[in-house]
Amino acid sequence: MKTMKHIQSKIILAAAGIAFGILAFATAGCSKSQADVPAAEDPSLMHFEMQFPSGSVTRATATDFEAGDAIGVYVTDYSDGNALPVQISGNRANNVSLTFDGSTWTPSKKLYWPETEGEKVDVVAYYPYMNPTTVDEQPFSVALDQTTAGEDGQPGGYEASDFLWAKVSGAVQNGSEPVTMKFAHRCSKLTIKLIKGADYEGDLPDNAQMYIHNTVTQGTIDFNSGFITKYLFGEPETIHARKVDDATYEAVIIPQQVTTRRPFVEMIVGKVSYLVEDTFNFKPGLHYTYSLTLNSSTTQIGVSIGAGTGTWD
């Protein structure tokens, strides 16, 4: 009997050990499951919605942001109720890059709202991303060849010339709502339209090359105002406009006034050049349409000029 009790005791202890092991396994499994649940995102993180001038929130192809685009962001605090200006350093956020993947903007470092509820900040954003050495007179140039296509995540000549700027003043945290940055074009845009005259026969030339002469292609940016100023000592140069279709060519121009009549628009078809002289006043954020009416044939071409102006959106 003593032996039987001893055996029963061992069986009971073994059963208890198994039960304890099952309980421990279940508890460990429960703990592991809870540990795998991601923590809620920090509500103090800043989020952004970047709105292209056309109104889209999603490049800068001609009409939208696209995957691979990078934007620079500055965030400044307030002192005694007054907004602090953007400085090269010492801001709440200093030129943090945000990169677009086609649906969301990912910052190179996390940006946070102030700890005090209701405390205001100003946000300045710009495109394309650069590494400024000054916030008052940062050098900027439009491309001489705006026909080049983007590659390896870098924008093409036209897109890289399109400086965009946005600012939100007095932003405060509103839960996890993003700050919407509405961008504006700060350069000027020139579109050249080819129009068939009454006696023009055949199709428009498909091998035309369009050039804009005698504009200064260098300027300086003020990040606080978003204004671009033509470089005072810049020399006039020639821009190769990009082709949209056989009838449409376009280029981004530094805002400036061309006061002296001089060679302005040149169209080259094959080995034949057609040159137009003119003056022009390029203002920031405006889109100019310059119409060339082609008469007779491409071997005897007459040009009449018309210009239209509108907001570049």
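Student: In which strand is the place of His213?

Tutor: His213 lies in strand β13 (residues 208-216), a strand being a DSSP run of E with at least two residues, numbered from the N terminus. This is a predicted model, where local features need pLDDT of at least 70, side-chain atom pairs count only at pLDDT 80 or more, and totals for chains, interfaces and linings use all residues. Residues are numbered from 1 along each chain as its sequence is written, and side-chain values use heavy atoms, leaving out hydrogens and water.

Student: Why does His213 count as buried?

Tutor: Its relative accessibility is 13%, and buried means under 20% relative accessible area, with exposed over 50% and partly exposed in between (1.4 Å probe, protein chains only). So His213 counts as buried.

Student: Which residues does His213 touch, not counting those up to four places away in sequence?

Tutor: Glu237, Thr238, Pro263, Phe264, Glu266 and Leu275, where contact means heavy atoms within 4.5 Å.

Student: What makes β6 and β11 edge strands?

Tutor: They belong to an open sheet of 6 strands in the order β6-β5-β2-β7-β9-β11, with antiparallel pairing. β6 (105-107) and β11 (184-185) each have a single partner strand, so one side of each lacks a neighbour in the sheet.

Student: How do you know that β5 and β6 pair?

Tutor: Pairing needs at least two bridges found by DSSP; strand β5 (residues 93-100) and β6 have 3, in the antiparallel sense.

Definitions and conventions:
Helix = DSSP H or I, 4+ residues; strand = E, 2+ residues; numbered from the N terminus.
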